[in-house]
Amino acid sequence: MEYSALLVEDSMSLGALYTEYLRAEGINVTHVHYGEDALRELVKWQPDLLILDIKLPDISGLDILKQVYGKYPNISTIMITAHGSIDIAIDAMRSGAFDFLVKPFDSKRLSITVRNALKQKHLLELVTQYEKSLPKGRYQGFIGDSLVMQSVYKTIDCVAKSKASVFITGESGTGKEVCAQAIHQTGNRADKPFIALNCASIPKELIESEIFGHCKGAFTGAHSNRDGAATRADNGTLFLDEICEMDLDLQSKLLRFIQTGTFQRVGGTKEEHVDIRLISATNRKPWEEVKLGHFREDLFYRLHVIPIELPPLRARGNDVLLLAKKILKTYSKEEGKNFTEFSPAATNTLLAYTWPGNVRQLQNVIRQIVVLNEGTTVEHLMFPHPLIQIQSSSAEKQYKCDNDSLIYEQNDTRRESTLLLNESSSHSIKPLWLVEKQTIEGAIAMCDGNIPKAAALLDISPSTIYRKRMSWEELETQQ
Ligand SMILES: Nc1ncnc2c1ncn2[C@@H]1O[C@H](COP(=O)(O)OP(=O)(O)OP(=O)(O)O)[C@@H](O)[C@H]1O
């Protein structure tokens, strides 16, 4: 590939000499004597290299550099300086120059600098190309364009068409089910069923029948034959969430099923065969569970063929803002509210908080804000308890927090809302899990106890409701 250079050097003889050096490197050179000429050329075309004398008769090389760096970031600039102006050359590097050459220099010195500049340019182009080849802010139900999530999308693309078992790990609420669905949707089983089963939410004595089905009379209450998830997922995908919660007995049956593709229904004798793609997930550390003897090692290796680790929300940089905006828009519409944006202080809060409950917690927090407040802009003071303690820089410490209330210090414009919060804090600010529980139980009651229907309206899976009910019981016994 032939590279091009624009050489800006007012001395006729030096210009001719450098041109010769550069041509010997196979570079196509255009030589101009004035800064104005250089700027005119740059409007017409952009070279790979700009070789720029700092001292020019009309404009300073530094000023040209500043304009070029802002407008044409792909141009690599090398400054030429006289011996006494090395400090200026160092300034130039701070302003974006790649390197500088001190006059007088020979062809070897120029050659090393030029080759290094071209090598770096080539690498930057490769990185840009790679970044462009990655899917962007939205991908199969995921929102987020952080590099860590791009690499998750890339892995999903690679594994989707294969039948290899995928094992998804990640903290609660990081989107493991979204990931399993994305694999299913991207693969060639997309038009076949996707069946998800949460191993933690189903009582131990029922889970075998939930996976493999049962025959009439197999146990009390088995009034008729029933297909299990394995049969319903035939030709499609079976997603076993919270797999580490499965008891050891059933783990051996699952292992046999994975090895042979065959199973027997509970109470049955006939071998049945299905063709499924298996995806499992856990928010535990699976290898720790193996070491503790809670999870069979042979099953671990069968399931853990392709691991995908979902990063926690706090490790996804600005993804939290993309997600928050989308969620705010959706919930505002659902609740008939007018919220459209987050204030700068609220934005800082979103970025500063650690989100232990990840995307699900973000959804709950925004739901709470939208339901309890009015307006178009979400302010820092609208956040619930743990978040409001974050002293965001934009909020400029206008308030201080103790455990029970917010005490207002200055700022009249915030006084009203702060006082409102102050007044109501002991009455209406409740732990997030309790607010969530009331919302979910309320929805179930409105749906006459129909959990799948309530789950659909709440936009969560029924298994999430079962799992949450168990965790509430634990929390209530701790109270
Ligand atoms: N990157 C994302 N973009 C958009 N929505 C997301 C993303 N990640 C998660 N969600 C949403 O967050 C909620 C929780 O996601 P999901 O149930 O997949 O998490 P999980 O890791 O399986 O949680 P758990 O371990 O508690 O079962 C869902 O409503 C899901 O749609």
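1. Basis. This is a predicted model, in which local features need pLDDT of at least 70, side-chain atom pairs count only at pLDDT 80 or more, and totals for chains, interfaces and linings use all residues. Residues are numbered from 1 along each chain as its sequence is written.

2. Ligand shell. There are 17 residues around the ligand. A residue counts as near if its C-beta atom, placed from the backbone, lies within 6 Å of the molecule or strand in question. Ser172, Gly175, Lys176, Glu177 and Val359 come nearest. By class, the shell has five nonpolar, eight polar and four charged residues. Here Ala, Val, Leu, Ile, Met, Phe, Trp, Tyr, Cys and Pro count as nonpolar, Asp, Glu, Lys and Arg as charged, and the others, Gly among them, as polar.

3. Where the shell comes from. Strand S7 (142-143), helix H7 (176-186) and helix H15 (358-372) each give at least two shell residues. Helices (H or I, at least four residues) and strands (E, at least two) are DSSP runs, numbered from the N terminus. Why does the ligand lie between domain 2 (138-311) and domain 3 (315-429)? Both domains give residues to the shell around the ligand, so it lies between them. The domain bounds come from an automatic or database domain assignment.

4. Sheet with S8 and S13. Five strands form an open sheet in the order S9-S10-S13-S8-S14, with parallel pairing. Strand S9 (194-198) and strand S14 (306-309) are at the edges with a single partner strand each, so one side of each has no neighbour in the sheet. From one strand to the next, the twist averages 20°. Two strands pair if DSSP finds at least two bridges between them. S8 (residues 166-169) and S13 (residues 277-282) pair in the parallel sense over four bridges. Phe167 has Ser280 in S13 as its bridge partner.

5. Sheet with S4 and S5. Another open sheet of five strands runs S2-S1-S3-S4-S5, again with parallel pairing. Its edges are strand S2 (28-32) and strand S5 (99-102); each has a single partner strand, so one side of each is left without a neighbour in the sheet. The twist averages 20° from one strand to the next. S4 (residues 76-81) and S5 run parallel and are joined by four bridges. Ile78 stands opposite Asp99 in S5.

6. Helices H6 and H7. How do these two helices cross? The axes of H6 (residues 147-160) and H7 come within 8 Å and cross at roughly 45°. Axes are lines fitted to C-alpha atoms, for helices over the stretch in contact, and angles run from 0 to 180 degrees between N-to-C directions. H6 and H7 are therefore oblique to each other. Angles under 35 degrees count as roughly parallel, over 145 as roughly antiparallel, 65 to 115 as roughly perpendicular and the rest as oblique. H6 passes H7 in a right-handed crossing. A crossing is right-handed if the near helix is turned clockwise from the far one by less than a right angle, and left-handed if anticlockwise.

7. Helices H13 and H15. The axes of H13 (residues 319-335) and H15 cross at roughly 45° and come within 9 Å. This pair is therefore oblique. Its crossing is right-handed.

8. Backbone details. The peptide bond from Lys103 to Pro104 is cis, with omega near -5°. Pro104 is in the loop between S5 and helix H5 (107-133). Asn235 is a residue other than glycine with a positive phi, near 75°. Asn235 lies in the loop between helix H9 (229-232) and strand S10 (237-241).
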